[in-house]
Amino acid sequence: MNENYQEYLKSDTWQRKRKAVLKRDNYLCTQCKKKAQDVHHKTYDNVGREPLSDLVSLCRECHEKKHIRNSKSEFDLDREHKENEWQREYEHEIRTGDIERPPWENF
Ligand SMILES: [Zn+2]
Ligand SMILES: [Zn+2]
């Protein structure tokens, strides 16, 4: 998918869409109203046949922030997920009597 996506960004279809989106947004970043350089996918669900409403114009700065924030939240979600899982396992062990006290109390 990643390789296809890179290829897609080089295609005429994408170049046309990109221009249309920039034009629609008056070549301004939809976040900070500075000059837009990039077109960002709000969702990757429809890549290749995305409606223009899936796309927004962004300046480089806001675009980078978006991707940093996205990957950070994915990371946070993953961590939360693991913590919850660990918590559930732990509660299960307490119920079944495998452990009686929180392990950190042994220290
Ligand atoms: Zn911006
Ligand atoms: Zn993007």
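A nonpolar core is taken here as a set of buried Ala, Val, Leu, Ile, Met, Phe, Trp, Tyr and Cys residues joined through C-beta atoms within 7 Å. In this predicted model, the largest such core has eight residues: Val21, Cys29, Ala36, Val39, Leu55, Val56, Leu58 and Cys62. Strand E2, spanning residues 55-58, contributes three residues to this core, the most of any element. Apart from residues up to four places away in sequence, Val56 is in contact with Asp25, Thr30, His40 and Lys42.

The mean pLDDT is 80, with 63% of the residues at 70 or more. Where pLDDT is low, the predicted coordinates should not be read in detail.

Helix H2 comprises 13 residues, 12-24, and extends 18 Å from its first C-alpha to its last, close to the 18 Å expected at 1.5 Å a residue. The loop between H2 and strand E1 (38-41) contains Asn26, and Tyr27 is also placed in the loop between H2 and E1. Asn26 is classed as exposed because 10 other C-beta atoms lie within 10 Å, where the limit for an exposed residue is 12 or fewer. Tyr27 has 13 C-beta neighbours inside 10 Å and therefore counts as partly exposed.

Definitions and conventions
Residues numbered from 1 in each chain as written. Chains lettered and ligands numbered in written order. Predicted model: local features only at pLDDT ≥ 70, side-chain atom pairs only at ≥ 80, totals over all residues. Buried ≥ 20, exposed ≤ 12 C-beta atoms within 10 Å, placed from the backbone. Helix = DSSP H or I, 4+ residues; strand = E, 2+ residues; numbered from the N terminus. Contact = placed C-beta atoms within 7 Å. pLDDT = per-residue confidence, 0-100. Expected span 1.5 Å × (residues − 1).
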